[in-house]
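Biologist: I would like to learn how to read a protein model. Can we take it feature by feature?

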Amino acid sequence: MITAVFLTHTAAPSGAELATLRLLTALDRGDAVHASMLLTEDGPLVTLLRRRGIPVTVWRNDFDSRSLTIAGSGPLRLIRGAAELVRLGRGLGTAVADAGADVLVAQSTKALLMGAIAARRAGVPLVWQVHDRISGEYFGGPLAFGLRVLGWLAARGVVANSRATLRTLLTRGRPHTVAYPGLEPGPAVERAAQPAPEAVRIVMVGRLTPWKGQDVLLRALALLRQRPLSVRFVGGTFFDEQNYRAELERLAAELAVPVEFTGHVDDPSAAFAEADIAVHCSVTAEPFGQVVVEAMRAGCAVVAADAGGPTEIVRRDRDGLLVAPGDVSALAAALDRLIADPALRTRLGASARERAADFGIEATAEAVTGLLDTVLRRRASDSAAPR
Ligand code: GLC
């Protein structure tokens, strides 16, 4: 039995955190890994974990990670920020040691920073479970480079949520694996026949944030030959993104495309079940894209951005359509094609359902367990080897 502590900096119920919640639940069902969660903030994820009986520790602190951003903070603030980070990392290290951990698993880039110090303090190896593509387009060139190097130096092993994410990392000499964030088995969705063009309902699920490209869908809707019956945006704003929601509402009014914003929902499966077409159109390559699998499982006809994780999920024109990220007219053309053709929607939706079954949480748990095991064995044989 491996005792693993999973560390993250946010308790927001957004993609990476929900993936962690499902992973810990699956590990808890098995007997290979005893997993617990350590967070540096309280919030909805803590409640969700507790509800599932996963041990959680919230490590209270007043470290402000913004003090570490170069822009806008003077050298003094930066030094003070770094000192606070070290103090926080050491504190977390005692929590990791108290938990009797064999290994610490960082779930975010901020957790990687804190975890590097904590793992050292606790004398356990650090594994980095990466949910973001560590690329210049997302982090900016210098920071992406720094994170890659830090990851390589600090982590003894790497788990990536897709091959696209893995390709952005330095893994030389480090055990690494892809563990797609799988879904939990859910009830089968009864789906009525795909409706006629004028009755089509479109849904887009995801955090409202510029890189997810909700504005791209709005612009594409304005170009459609046949307007759908309804369009729903399901998703909340978590990380200072409220302005984007206001911007989207303004844009929808300006383009005269009637849409509904539902805000955050804990479980989007009903929203998918009530939709005929699901759109994913992130403008930056999506690291994985759990909503794409969720939409497919519900039997929606899917259009997804042709970059990153979705290209590993959707078999082009078989389980869904893929369009170039940010290409408004290509998205409009794909939607026009789907709206006009119920038979195409039916075929894609049926194949999507089958494909979604390839992404189960048990496989995720198995991949992560295998990697943790490799890291710990390697460590044991390194320390047994004569120096
Ligand atoms: C992050 C990524 C998303 C992925 C999720 C789970 O939220 O942006 O693509 O699905 O993590 O790994």
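Modeller: Let's start with one residue. This is a predicted model. In it, E241 has a relative accessible area of 9%, so E241 counts as buried.

Biologist: Where does E241 sit in the chain?

Modeller: E241 lies in the loop between β9 and α9.

Biologist: Which residues does E241 touch, leaving out those up to four places away in sequence?

Modeller: E241 touches R207, L208 and T209. Take R207 as the example. R207 and E241 are 34 residues apart along the chain, yet their C-alpha atoms are separated by 9.1 Å.

Biologist: Now the sheets. How do I read the six-stranded one?

Modeller: Read the strand order across the sheet. Here the order is β10-β9-β8-β11-β12-β13. The sheet is open, and the pairing is parallel.

Biologist: Which strands are at the edges?

Modeller: They are β10 (260-263) and β13, and each pairs on one side only. From one strand to the next, the twist averages 20°.

Biologist: What packs on this sheet?

Modeller: Helix α8 does, touching β8, β9 and β11. The direction of α8 makes about 175° with that of β9.

Biologist: Which residues of α8 are buried?

Modeller: First the general idea. An α-helix has 3.6 residues a turn, so residues three or four places apart point the same way. Now the case. Helix α8 covers residues 214-222, and Q214, V216, L217, L218, A220 and L221 are buried. The buried residues pack against β8 (201-205), β9 (230-234) and β11. They also pack against the helices α9 (242-255) and α13 (328-340).

Biologist: Let me look at one strand. How many residues of β12 are buried?

Modeller: Strand β12 spans residues 301-305, and five of its five residues are buried.

Biologist: Which residues lie on which side of β12?

Modeller: Again, the general idea comes first. In a regular strand the side chains alternate between the two faces of the sheet. In β12, A301, V303 and A305 are on one side, while V302 and A304 are on the other. Both faces are covered.

Biologist: What does β12 pair with on its two sides?

Modeller: One partner is β11 (residues 277-279), parallel to β12 over three bridges. Within that pair, I277 stands opposite A301, and A278 stands opposite V302. The other is β13 (residues 321-323), which runs parallel to β12 and is joined to it by three bridges. There, V303 has L321 as its bridge partner.

Biologist: Show me one pair inside it.

Modeller: Take β1 (residues 2-8) and β4 (residues 103-106). They pair in the parallel sense over four bridges. F6 stands opposite V105 in β4.

Biologist: What about two helices? At what angle do α1 and α15 pack?

Modeller: Look at the angle and the axis distance. Helix α1 (residues 15-29) and helix α15 (residues 361-384) pack at about 80°, with their axes 9 Å apart. The two helices are therefore roughly perpendicular to each other. On α1, the contact is made by R22, L23, A26, L27 and R29. On α15, it is made by I361, E362, T364, A365, V368 and T369.

Biologist: Last feature. How many disulfides are there?

Modeller: The structure holds zero disulfides.

How values were computed: Residues numbered from 1 in each chain as written. Predicted model: local features only at pLDDT ≥ 70, side-chain atom pairs only at ≥ 80, totals over all residues. Heavy atoms only, no water. Pairing = 2+ DSSP bridges. Buried < 20%, exposed > 50% of the residue type's maximum accessible area, 1.4 Å probe, protein only. Disulfide = S-S within 2.5 Å. Contact = heavy atoms within 4.5 Å. Axes fitted to C-alpha atoms, helices over the stretch in contact; angles between N-to-C directions. Parallel < 35°, antiparallel > 145°, perpendicular 65-115°, else oblique.
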